[in-house]
Amino acid sequence: MRHLAVAVIVVWAVVGLPGPARAQQATDVMALAGQPVAAIAIEIEGRPEASPVLRELLEVRVGDPLQFERVRESVAHLFNLGQFEDVAVTALPGPDGVRLVFALTPLHPIDRIEFRGSLGLDRRTLERGVLEQFGGRASAARLDAARETVTRMLVDEGYSRPSVVPSLEQTHEVHRSTLVITVDAGPRLRIGRVIVTGEHPLPAADVTTNLGLIRGAAYRRLATEVALRGVAERLRGMRYYEASASHFATPAGNDLVDVTVTIDTGPLVHIVVVGDPLPGGGQDEWIPIRRENSADDDLLEDSAFRIRQALQRDGFWRADVVHERVEEPDGARMVVTFTIRCGLRYQLASIAVTGHSHFTESDIRAMLQLREGEWFVETQVEARLGALLGAYAFAGFDATLEYTADALPGAEGRVALRVDIVEGPLRVVSGVSIIGAAQIPGTEVRRVVRSMAGQPLQTAQVRDDRQAIQQLYLDRGFQSVVVDARHPTEAPFEIVYEIREGTQTIVDHLIVVGNRRVSTETILAEVVLRPGAPFGQAARLESQRRLADLAIFRRISITAANEGRADGHVDVIVQVEEAPATTIGYGGGLEFGRRLRTAVGGGEEDALRFAPRGFLELGRRNLFGGNRSATLFTRVSLGSRNDPGDPTRDGRGIEFSEYRVTGSYRSPRAFGSRIDSVLSATAERAIRTSFTFVRRSANAEALHRPSAHTSVFGRYALDSTELYDTRIPEDDQPLIDRLFPQIRLSAISGGLVWDRRDDLLDPTAGGLMSIDGEVAARSLGSEVGFVKVFAQALGFRRLTRINRVVIGGRVQVGIARGFSREVLIPGTDGETEIVADLPAGRRFFAGGSTTVRGFQQDRLGVPGVISERGYSSGGNGVVVLNGEVRTQLWTDIALVGFVDGGNVFARAGDMSIGDLRGAAGVGIRYRSPLGPLRLDVGFKFDRRIVSGKRERGWEFHVSIGEVF
Amino acid sequence: MTASWILVCVLMAATQVPATLDRILVVVNGDMITLSDVRAVRVLKLLPADAGDDEVVQALIDRRLVLAEMRRFQVPDPAPEAVAARRSQWMAAHLGEDPARLFMMAGVRADFVDRWIADEFRREVYLQQRFAALDADRREAAIRLWIESLRLRAVIVPRRQEFPATTPAPAAGPSRR
């Protein structure tokens, strides 16, 4: 009985107590610190979650004493995932310790926008307007901004009192939201009266019709404003450069508005140039008011300035250009008068330099690049003097200089230039100190400093050193490092680099967010940042570059979350936005032309060719969660039949004359290795003027880059080509054999490339070495067997004393040998012979724009390789040597001198230096956006008799890109 | 009798309300301010003791915005001696308390206070330099306006309208387990 009484009291105490009193049962948070953690649970919207990824991010462990700090870190990691809008942690003490619950509230990003109600406007127009506001991404939409946008759009279209109510509807199976915008557009304003004020030369009806201002029509404020801008633009095109057009609407009852349009043409503008003539070019070029449709003061002032500068560049040192606007009293006309006074054209009469001792006068004159007798251009003089000061600074002088330019008396413009230099003492570095390097050893910091005791003090070098130290620290994760560099203004010149290191940022967790199809492992494989390692700038940029190279993401960012923690540990968030996985490309075209066809009466005749064609390309990226992609390209062409043997069919009727189907599969880092691989297969049929070919090929390639400058590749290729309907001229046969070998080739090849060139298109330093080999064998399925090796080495060097000159050289050597095989002798009764030839497409050729430039394309070879008519059948050995001197003449123009040598030999064993043929010549390069455009003229060292005639002594070549 | 007490204990445990250890209160430019941040500041008395929870949160938001702005200008850290001196003053306010226990209750590492003090120094230097041309009264007003402009530019998203009660700072003096 007593027990029952106690129980009743307890139940009453717990259940029956009023709320506030019961709340006193709440656990004292502070009392939980240090108690053992008995259990940890994760819940998402109240449902238990067992994701190992989430568990991995928790810093608290079962059995450990509860530490608030670790709870806070766990919350930060979970929040940094970017998937949860709230993370709450509750604790309940029990007999065996504290039970923790991490309650996660997921974000519900907006993935749809839905409009409901009476919209007033087209649904898609409204949706486009809202999406434009948020950069095309529904997920970025905000309710208040969406309401403002829709309201503004409706008001602009004449709905004066729309009701727009946005709300979110969440789905919880997949955590997404729909932005629902409920609209009641209300009544639309209509146009009552239209009043146009202001005089203008445009037809009145034209104005109102173009503006769409018709009585009873919907009043569209924004469209009217846009149309009025068009009216003003038209008037400016008629030289009313200050024209404006505006409108306002006044309520007229019953949802009608009266629209008043005001057009102000402003004055008609005339441009007058008086005094001396404009520099070369028309008035519109120098005073572009017609092009810019404006005659505002800024444009006129700019015009005067540019004319003055152009005249001064031509030597009119004291040229003056002023402009004046005069408006007629009635405001109908405005005259802008440009007055040009060229004055005398000045020549540089003399150059005097004083105060120099470190550089000789001839040195200084060479640096100034000024000569007596040339036109005097003051801006050019100032730029050259700036360069001279730079040369002094480089030599260790804190020099100052002044110049005077005096016009000499006389009728001709002549200028005496005098340059007074104060060199000051030579400043030599007495020592270099580094202060404040604690977390990175001073010796390591010193390694990036290039200023040294005993060297001239160069302020530019000191600046570079400071940046190098700063970069070193940034790359080690010291994001707030400050480096100061200082040196006294008087000797001894000791350079002091003072470093305030700040806190080193260390990667705590790497968190990948935003990936949907690409696996986290694929992304992390490209990220060179590691947990526990510094969050360095170089590693961050390299990671971003590698991820961008995957070409499967639209956006990539790598940032640190929760920066500012005392211990410098940060979560690094790798945020990606995947590009669409499937890409589709298609297109079509039409080809007209003339082709030969077999005539019914015999012979051949010209016929019109009409060939519609189309292509379709399908691509799929991010296959199997990795950076693997597959593409299928198909092209098909309809054309007239090609049947030379049947004159009744040839060139008549329609067939699928040409097709090409290519499938490829690309897998970077194949099978978990560091090897990139590509598999591809192609089948095609195409018609050429004198033949039709069908080709089938399959390739498997593997590429590995052990370092930034070295790459190794391997390839297997199976290729088979057949020619049909041939009517090939004899002269073209060697080339056809080379491009379309009518045999099946199955070959394995591989190579090694070491490339240290500073620029692939236009190198000025470094070099490249490569070697590759190829083996085809009947055991691999090839109809012929051979082995082939090709090696080359090239190097470049900028001449240090003359910056604009680069010398370069290249050596290429190739050898090949066919495997013996037995072939039938044509015209015999089954007799055979053993041959060891190479397919024409695998032989070596030389001569032309990329090898030996004194010869035509592929016309170089020893007798036997070159036929009597001068055509090359290719050889089993080749040597090519090139030497070039490239000189920059102007910014985009370079002059090249070259010496080339080489030859093609029938057999590798025949190769001999004594048989090389040479050529020398000159060329011009123009640095175009496509790469260097090249014109070379080469002259043979010796001319030989070919086809009974002496060879031409020279050849010219036009091409894109350097020879090597 | 024993059974009665067991029943009492069970019922007491069953009715115990879980304590909220931590949660996100507000997100400032993607950076969170949590209940534990508020608790740490109050336990360590880094802001005036009479400030309410909401005032502490607003102060933390302002501080976060100013520090983020300062990161653009690479304000250097103060000299370690200056930090040590101010830390001594702070310790004096916690006379008799076990620092290790204090940090544990606050849920922070031992160097948290040093970092806070260093940031305070940097903040003072930065504000001093930025508003150097103004006298003291006008400077205060200008700083308030400037922080207000930082708030207007920032994306501040409250995660919860009502803040769970944080435990008040423990009284000064020897602590008892």
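Two strands are taken as paired if DSSP finds at least two bridges between them. The elements themselves are DSSP runs numbered from the N terminus: helices are H or I runs of at least four residues, and strands are E runs of at least two.

Colleagues, the model before us is a predicted one, in which local features need pLDDT of at least 70 and side-chain atom pairs count only at pLDDT 80 or more, while totals for chains, interfaces and linings use all residues. Residues are numbered from 1 along each chain as its sequence is written, chains are lettered from A and ligands numbered from 1 in the order in which they are written, and side-chain values use heavy atoms, with hydrogens and water left out.

I begin with the chain as a whole. Chain A holds 19 helices and 42 strands. Of its 964 residues, 40% are buried, where buried means under 20% relative accessible area, exposed over 50%, and partly exposed in between, with a 1.4 Å probe and protein chains only. Contact means heavy atoms within 4.5 Å. Among contacts in chain A between residues at least 6 apart in sequence, 58% join residues at least 24 apart.

Let me turn to an open sheet. Its 3 strands in chain A follow the order β14-β16-β15, with mixed pairing. The edges are β14 (346-354) and β15 (400-407) of chain A, each of which pairs on one side only. Neighbouring strands are turned by 20 degrees against each other on average, direction ignored. Strand β16(A), residues 413-422, runs parallel to β14(A), and 8 bridges join the two. Within that pairing, A:L348 has A:V415 of β16(A) as its bridge partner. Helix α14(A), residues 378-395, lies across β15 and β16 of chain A and runs at about 155 degrees to β15(A). For such values, axes are lines fitted to C-alpha atoms, for helices over the stretch in contact, and angles run from 0 to 180 degrees between N-to-C directions.

Next, helix α12(A), residues 297-313. The expected span of a helix is 1.5 Å times one less than its number of residues. For the 17 residues of α12(A) this gives 24 Å, and the end C-alpha atoms are 24 Å apart, which agrees. Its buried residues are A:L299, A:L300, A:S303, A:A304, A:I307, A:A310 and A:L311. Seen down the axis of α12(A), they fall within an arc of 140 degrees, so they line one face of the helix; the arc is that of the directions from the helix axis to the C-beta atoms. The cover over these residues includes α10 (283-286), α11 (289-292), β12 (320-327) and β13 (333-341) of chain A.

What caps the N-terminal end of α12(A)? The cap is A:D296, with a side-chain oxygen 3.3 Å from the backbone nitrogen of A:D298. After the helix comes A:G315, whose phi is positive, near 100 degrees.

The loop between α11 and α12 of chain A contains A:S294. Is A:S294 buried or exposed? At 15% relative accessibility, A:S294 counts as buried. A polar atom of the A:S294 side chain lies 3.2 Å from the backbone nitrogen of A:D296. Leaving aside neighbours within four places in sequence, A:S294 is in contact with A:Y241, A:I289 and A:L299.

Strands β37 (residues 893-905) and β38 (residues 917-928) of chain A pair in the antiparallel sense over 10 bridges, with A:V896 opposite A:G923. A hairpin then joins β38(A) to β39(A) through 2 residues.

Definitions and conventions:
Polar contact = N/O pair within 3.5 Å; in protein donor to acceptor, adjacent residues only side chain to side chain.
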